[in-house]
Amino acid sequence: SIKKNIPGVMEFIGSLGFLKILNLVAFYNTLSGYISTILIDNSLNCSNAINFLKKNKIGRINFLVHEQLNDLSRSRISDKENPKNYLRNLIYCKKKHQPIFDFILKDTVIVKNLSEGLFYGSTNKRKLIITQDGKVIETSGIFSGGGTSSKILSFLIAHKKKKNEMDE
């Protein structure tokens with residue numbers, strides 16, 4: 001286990017929060033690069049973890065340093081603009097984990113469909129807009145979409161389990 005061998009490892013980002021099933025594809029597509037990222041307590045332990053991975057030829061792992069999140073997450077988010085459709089506001093997690101999702105998702109907005117997303121993007125200069133079915137619209141003009149991978153099934157199962165644990 002990685003927690004046993006590396007001091008300071010807290011959790012995998014993907015296991016810290018969940019969304020209602022309606023928005024799960026949007027959540028997965030937005031966070032897919034972070035799901036296996038490891039939350040670690042401080043920079044020193046992160047450096048030691050990377051050295052451990054190199055020494056044991058385990059491979060690459062992304063880390064997010066918890067001690068640096070407090071300054072970065074909410075400072076970039078305006079309290080005046082806190083719409084309900086910010087993806088970060090639709091995540092169910094423990095209060096102590098909210099800064100992680102604030103940092104990762106920043107001002108990502110979730111909309112019902114592509115038409116609504118295009119309209120929203122033309123009237124509000126948001127960095128990232130995502131539809132409930134997972135289409136991504138960037139105000140720069142970049143779109144992405146397509147099928148979902150088989151990873152989403154394991155993701156759905158893990159999040160259902162996590163939701164049940166948090167409800168208890």
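The questions below go from the whole chain to single residues, helices, strands and cores.

Q: What kind of model is this, and how are its residues numbered?
A: This is a predicted model; local features need pLDDT of at least 70, side-chain atom pairs count only at pLDDT 80 or more, and totals for chains, interfaces and linings use all residues. Residues are numbered from 1 along each chain as its sequence is written, and side-chain values use heavy atoms, with hydrogens and water left out.

Q: How many helices and strands does the protein chain have?
A: The protein chain has seven helices and nine strands. Both are DSSP runs numbered from the N terminus: helices are H or I with at least four residues, strands are E with at least two.

Q: Why is Leu 105 called buried?
A: Buried means under 20% relative accessible area, exposed over 50%, and partly exposed in between (1.4 Å probe, protein chains only). Leu 105 has a relative accessible area of 1%, so it is buried. Leu 105 sits in helix H5 (residues 98-105). In the protein chain, buried residues make up 36% of the 168 residues.

Q: What does Leu 105 touch beyond four places away in sequence?
A: Leu 105 touches Thr 30, Leu 31, Leu 87, Arg 88 and Ile 91, with residues up to four places away in sequence not counted. Contact means heavy atoms within 4.5 Å. The C-alpha atoms of Leu 105 and Arg 88 are separated by 5.9 Å, although the two are 17 residues apart along the chain.

Q: What makes Thr 37 buried, and where is it found?
A: Its relative accessible area is 4%, so Thr 37 is buried. Thr 37 lies in the loop between helix H2 (24-31) and S3. Not counting residues up to four places away in sequence, Thr 37 touches Glu 11, Phe 12, Ile 13, Asn 62, Phe 63 and Leu 64. Thr 37 and Phe 12 are 25 residues apart in sequence and 5.7 Å apart in space, C-alpha to C-alpha.

Q: Which residues of H3 are buried, and why are they said to be on the same side?
A: Asn 45, Cys 46, Ala 49 and Leu 53 are buried in H3. They cover an arc of only 105° around the axis, so they are on the same side of H3. The arc is that of the directions from the helix axis to the C-beta atoms. Strand S3 (38-40) and strand S4 (63-65) are included in what covers the buried residues of H3. The face turned away from the buried side of H3 carries the exposed residues Leu 44, Lys 54 and Lys 55.

Q: Which residue caps the N-terminal end of H3?
A: Asn 42 caps it, with a side-chain oxygen 3.1 Å from the backbone nitrogen of Leu 44. A polar contact is a pair of N or O atoms within 3.5 Å; within protein, one must be able to donate a hydrogen and the other to accept it, and residues adjacent in sequence count only if both atoms are side-chain atoms.

Q: What makes one face of helix H6 the buried one?
A: In H6 (residues 114-123), Gly 117, Tyr 120 and Gly 121 are buried. Seen down the axis of H6, its buried residues fall within an arc of 100°, so they line one face. What covers them includes S6, S7 and S8. Ser 115 and Phe 119 are exposed, on the face turned away from the buried side of H6.

Q: Which strands pair with S7, and in what sense?
A: Two strands pair if DSSP finds at least two bridges between them. Three bridges join strand S6 (residues 109-111) to S7, and these run parallel. S7 and strand S8 (residues 136-138) also have three bridges, in the antiparallel sense. Ile 110 stands opposite Ile 130 in S7, and Val 136 is the bridge partner of Ile 130 in S8.

Q: Which way do the residues of S7 point?
A: In S7 (residues 128-131), Leu 128 and Ile 130 point one way, Ile 129 and Thr 131 the other, and all are buried.

Q: Which residues touch the most other members of the largest nonpolar core?
A: A nonpolar core is a set of buried Ala, Val, Leu, Ile, Met, Phe, Trp, Tyr and Cys residues joined through side-chain atoms within 4.5 Å. In the largest, of 19 residues, Ile 13, Leu 39, Leu 64, Ile 100, Phe 101, Ile 104 and Leu 105 touch the most other members. H5 gives the largest share of this core, five residues.
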